[in-house]
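Here are my notes on the model, point by point. Please read them with the structure open.

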Amino acid sequence: MLDVLLTEEEREIKYKVRKAIKAIPPSMLRKMDREEIQYPTEFIENMAKQSLLGIRFPADLGGSNLNWVAESAVIEEVGALGPALGCLYSLPSIVGEAIHHFGTSEQKEKYLKPILRGKLYCAEALTEPRGGSDFFGATCMAEKQGDMFLLNGQKRFVVGAEGADIFLVYAKTNPKASDPRKSISTFIMEKGLGVETKHVYGLMGSRGGGTGRLLFKDVEVPEENLIGDLNQGGEIFNQMMIPERMTSAAGAIGAARAGLQVAGKYSTRRKAFGRPIRKFQAVSFKISESLTLLDAASGLLFSASCTIDKNNGLTNGLVRRLVSESKKFATDSAWEVINHAMQILGGIGYTNVYPIERLLRDIRLLSIWTGTNEIMSLLIQHEYFNELNSIDPSFEPRDVEKDAIGAEYSDEKVYE
Ligand SMILES: Cc1cc2nc3c(=O)[nH]c(=O)nc-3n(C[C@H](O)[C@H](O)[C@H](O)COP(=O)(O)OP(=O)(O)OC[C@H]3O[C@@H](n4cnc5c(N)ncnc54)[C@H](O)[C@@H]3O)c2cc1C
């Protein structure tokens, strides 16, 4: 995010995070990509020690009292490490959002504070083997029995499944509800309660984040671990999707910018036909195109961040549209940029001598997770039509339909 858009305090935290990210040893990233590390707890501990987790939460909960602009700027920096570490860094913000907005003071004390201090590792479990896009079609069940809920079902693709101590889980509590958005509740499940985790698949990229499956067989969850009210999961989900998608967008920009830097430097050193390859327009225009995409993505992210900040962090139609646009545009752009970077490096870009092949594998995930980009398109147009139908006539912009030469031919305006 451009420094010129940031306040001094925001710039300071951005550079503090940049310094912390630069200090992460390359060996850790290599081991993660080789799947020799499944869950790098030392990374979270380290960031927590420097008070760099959940920076937008209030200071009394362990945050830094900052805003969304600061968090986006910071996660662009973390993005240079790739999505696995970017996601582990973001999970306290994502899970924390649900606890902060909907949790009781006891839940904040017991879970949010230790999460932000790096003492408790958290993960979020929404997706099921049956599907992720149709979130409200969940089949994971939570049945009330006395002062407990009995959870049964499965979740998959849970980042941190292998290392987290607690899981934020969505499950059906009112399967017969006529409105599916009022059929789900949100729980904190401690791993120790009997949650079974399984590492079942190899990932194309984004490795080392402990992605796995969760199995619940009659797991007893105390009722005090219900977040918010019974059947309020839909509302909590909508709120949690702000950090879920904003952190994806910011991380994508950071990862692609890091790859672009490798390609930019390479293009000034690598020669062909006696000249540095950056002297060929076909190469330098790829750099121009990439930078434009990333600056546009970052600008959109900044607009979304400001809008969330002005809305006191709460979700509404405009926030949902801008967050979805940011996620979609940033992740699609990152994919394009990293493809350009690979092309600029030629054959060596396809090898593991440079990190572009890993970044390409990593970044491919971003248009799939945290809601696919098709789902983002669904949300964007949905909110746009809502806005279109509710414009206050006194603020309506010029109606250019009337400017057409043939505007008077009303007989020709046939709609059915
Ligand atoms: C490495 C990795 C990490 C992940 N981390 C987590 C995590 O930590 N926690 C978690 O809960 N989930 C996580 N996910 C899950 C991820 O969010 C889902 O994969 C994603 O939401 C898509 O769900 P799905 O895979 O079930 O695809 P599906 O929902 O089956 O969709 C398949 C295809 O159909 C399209 N589609 C579906 N419905 C529509 C529609 N109405 N209109 C247009 N197109 C549609 C989708 O866009 C997609 O292209 C992770 C996934 C991966 C791969």
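1. A definition first. A residue counts as buried if 20 or more other C-beta atoms lie within 10 Å of its own, as exposed if 12 or fewer do, and as partly exposed in between. K182 has 17 other C-beta atoms within 10 Å, so K182 is partly exposed. Bear in mind that this is a predicted model.

2. Where is K182? The residue lies in the loop between strand 4 (166-172) and strand 5 (184-190). Leaving aside neighbours within four places in sequence, K182 is in contact with N174, A177, N231 and G234. L81 is another matter: 101 residues separate K182 and L81 along the chain, and their C-alpha atoms are 38 Å apart.

3. Now the overall form. The protein chain has eleven helices and ten strands. Its C-alpha atoms fill a box of roughly 75 × 70 × 40 Å along the principal axes. A compact globule of 416 residues would have a radius of gyration near 22 Å, so the 23 Å of the protein chain agrees with that.

4. Burial and contact range come next. Of the 416 residues of the protein chain, 48% count as buried. Take the contacts between residues at least 6 apart in sequence: 75% of them join residues at least 24 apart.

5. The protein chain is divided into three parts: domain 1 (3-121), domain 2 (124-231) and domain 3 (234-391). How far apart are the C-alpha centres of domain 1 and domain 3? They lie 20 Å apart. The contact takes 22 residues from domain 1 and 26 residues from domain 3.

6. Which elements of domain 1 each supply at least two residues of the side that touches domain 3? Helix 4 (68-78) and helix 5 (83-102) do. The largest share is that of helix 5, with nine residues. By type, this side of domain 1 divides into ten nonpolar, eight polar and four charged residues.

7. Helix 2 (residues 26-33) deserves a look. Its residues L29, M32 and D33 are buried. Seen down the helix axis, the buried residues fall within an arc of 100°, so they line one face of helix 2. They pack against helix 5 and helix 10 (356-364). After helix 2 comes E35, which has a positive phi, near 60°.

8. What surrounds the ligand? The shell holds 22 residues, and the closest are L126, G132, S133, F157 and T372. Strand 1 (122-125), strand 3 (148-158) and helix 11 (373-388) are the elements that give two or more residues to this shell. Helix 11 gives the largest share, three residues.

9. The ligand shell can also be read by domain and by residue type. Domain 2 (124-231) and domain 3 (234-391) each give at least three residues to the shell. The shell residues divide into eleven nonpolar, nine polar and two charged.

10. Last, A404. This residue sits in the segment after helix 11. Is A404 buried or exposed? With 9 other C-beta atoms within 10 Å, A404 is exposed. A404 and E325 are 79 residues apart in sequence, and 31 Å lie between their C-alpha atoms.

Definitions and conventions: Residues numbered from 1 in each chain as written. Predicted model: local features only at pLDDT ≥ 70, side-chain atom pairs only at ≥ 80, totals over all residues. Domains from an automatic or database assignment. Contact = placed C-beta atoms within 7 Å. Helix = DSSP H or I, 4+ residues; strand = E, 2+ residues; numbered from the N terminus. Nonpolar A, V, L, I, M, F, W, Y, C, P; charged D, E, K, R; others polar. Arc of directions from axis to C-beta. Near = placed C-beta within 6 Å. Rg over C-alpha atoms; globule rule 2.2 N^0.38 Å.
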